[in-house]
Amino acid sequence: MGRTGYFFHPDCRRHDMGAGHPECPARLDAIEDRLLMTGVADALDRREATPATMGELLLAHGRRHVAALRGLSAMLGEEVKAGGPDHYALDPDTSMNCGTYRAALLSAGAAVNAVDAVLTGELENAFCATRPPGHHATRDQAMGFCFFSNVAIAAKVACERHGLKRVAIIDFDVHHGNGTEDIVAGDERILMVSFYQHPFYPEGGARRTDSNLVNCPVPAYTKGMDIRELVELMWIPRLEQHRPELILFSAGFDAHRDDDMGQLGLNERDYAWITERIKGVAQRHAQGRIVSCLEGGYNLDALARSVEAHVRVLADV
C-alpha cells in the first residue's frame with residue numbers, strides 16, 4: 001500500500017477529432033512532459049491500461065449505445081479504406097476517427113483497472129491519464145467529447161464486482177457531469193458531488209434532484225476561495241455522512257482561470273487544496289482509496305500544472 005498508480009495507453013493518442021479541436025492528443029503529451037520534467041513521474045507506478053469489457057460497459061450503458069459506437073467505428077474504417085472521410089460527426093462538438101472506439105475502451109478500461117488495483121490493495125490511489133473523457137456520456141448517448149462514462153463505469157464496477165456499499169464521485173470540471181448524473185442518479189450506493197459553471201454547457205445544467213446528488217452550480221467568474229467555501233459547506237458534510245469506501249474523481253481542469261473553455265477562476269493551488277481535502281475524507285473512511293480520471297482541461301500549460309498539483313497530493317511528493 002501507499003503507491004500511486006498512473007494508468008495510460010499510447011493508443012489514447014490515436015483518437016482525434018480534427019485540427020483545432022480542443023480535446024486533442026497533445027493534452028496527454030503536456031501532462032506526461034510536466035510530470036517527467038518535475039520528477040513527479042518518478043514517484044508513480046506506471047501501468048498500461050487494458051480495454052473495458054462489454055460486461056463492464058453494460059453496467060453503465062445500454063447495449064444499443066455500445067453496439068452503435070462499435071458499428072460506427074467499423075463503418076468508418078471501411079469508408080477510410082475506400083477513400084472516404086476520416087471523421088464521423090456525432091454532434092457539432094463530438095466526432096470519431098478510426099482510433100476513437102479503441103481509445104474510448106481504453107479510457108474506460110483504465111478507470112476499471114485502477115479500481116481493481118486500488119480495491120485489491122496493489123495501490124493506494126491512482127490517476128488515469130487517458131482520453132477521451134467521459135462525464136458527459138449518458139447511458140444511451142455520446143456527447144460533449146465523451147463516448148463512455150468512465151467514472152460511472154468504475155463506480156458500478158466497485159459496487160457490483162467488489163461489493164462496495166458506499167462510493168463517492170467528486171466532479172470538479174467546469175461543465176456539469178450530466179452523463180455521470182444520468183447513470184448514477186437514484187443509486188444510493190453512489191454519492192455524486194460537483195460544482196460547475198451555470199448557465200453553461202450542457203444546457204440546463206443538472207436535471208435530477210435525487211438524494212444521492214449534490215449539485216452546486218456557480219456563476220461565471222467565481223474564484224477559487226469561493227469554491228473552497230462551497231466545498232467545506234456543501235460537499236464535506238455529505239461526504240462525511242456517506243462514509244465512502246472508495247472515492248472517484250472526475251478530474252476536469254477547465255475551471256482554471258487560464259482556460260478559455262470556461263470562465264471560472266481556479267488555479268493549481270485550488271486543485272491541490274480540493275485534493276487534500278478529499279484525500280482526508282478518503283483516509284478517514286476509505287483506507288485512502290482514490291481513483292482519479294482525467295476529464296476536461298484545454299489550456300495545455302494550465303492543464304499540465306494542475307494535474308501535477310493534483311497528483312503531487314495523491315502521491316505525497
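This is a predicted model: local features need pLDDT of at least 70, side-chain atom pairs count only at pLDDT 80 or more; totals for chains, interfaces and linings use all residues.
The largest nonpolar core counts 49 residues, and the members touching the most others are Phe148, Leu246, Leu248 and Val291. Helix H4, spanning residues 100-119, supplies the largest share of this core, with 12 residues. Take Leu248 as a way in: once neighbours within four places in sequence are set aside, its contacts are Val115, Val151, Ala154, Ala155, Val167, Ala168, Ile169, Ile170 and Val291. Another core, of 48 residues, lies apart from the largest one, and Val231, Leu266, Ala286 and Leu303 are among its members.

On the H4 side the meeting residues are Ala104, Ser107, Ala108, Ala111, Val112, Val115, Asp116 and Leu119, while H5 brings in Asn150, Ile153, Ala154, Val157 and Ala158. Sorted by type, the residues of this H4 and H5 contact come out as 10 nonpolar, 2 polar and 1 charged. Val115 and Ala154, both part of this meeting, turn up again among the contacts of Leu248.

H5 (residues 150-160) also holds Lys156. Is this lysine buried or exposed? Lys156 has a relative accessible area of 9%, so it counts as buried, the cut-off being under 20%. Its contacts, again leaving out neighbours within four places in sequence, are Leu59, Arg161, Ile183, Asp187, Arg189 and Ile190.

Glu268, Tyr271, Ala272, Thr275, Glu276 and Lys279 make the contact from H8, and Arg305, Ser306, Ala309, His310, Val313 and Leu314 make it from H9. By type, the contact of H8 with H9 splits into 5 nonpolar, 3 polar and 4 charged residues.

On to the backbone, where cis peptide bonds come up at two prolines. Arg131 and Pro132 are joined by a cis peptide bond with omega of about 5 degrees, and Pro132 sits in the loop between strand S5 (125-128) and H5. The bond from Tyr201 to Pro202 is cis as well, with omega near -5 degrees; Pro202 belongs to the loop between strand S7 (190-197) and strand S8 (213-218).

Positive phi values are worth a look too. Phe145 is not a glycine, yet its phi is positive, at about 75 degrees. This phenylalanine is found in the loop between S5 and H5, the loop that also holds Pro132. With 11% relative accessibility, Phe145 counts as buried. Arg243, likewise not a glycine, has a positive phi of about 55 degrees and lies in the loop between helix H7 (224-242) and strand S9 (246-251).

Note on methods: Residues are numbered from 1 along each chain as its sequence is written. Side-chain values use heavy atoms; hydrogens and water are left out. Contact means heavy atoms within 4.5 Å. Helices (H or I, at least four residues) and strands (E, at least two) are DSSP runs, numbered from the N terminus. Ala, Val, Leu, Ile, Met, Phe, Trp, Tyr, Cys and Pro count as nonpolar, Asp, Glu, Lys and Arg as charged, and the others, Gly among them, as polar. A nonpolar core is a set of buried Ala, Val, Leu, Ile, Met, Phe, Trp, Tyr and Cys residues joined through side-chain atoms within 4.5 Å. Buried means under 20% relative accessible area, exposed over 50%, partly exposed in between (1.4 Å probe, protein chains only).
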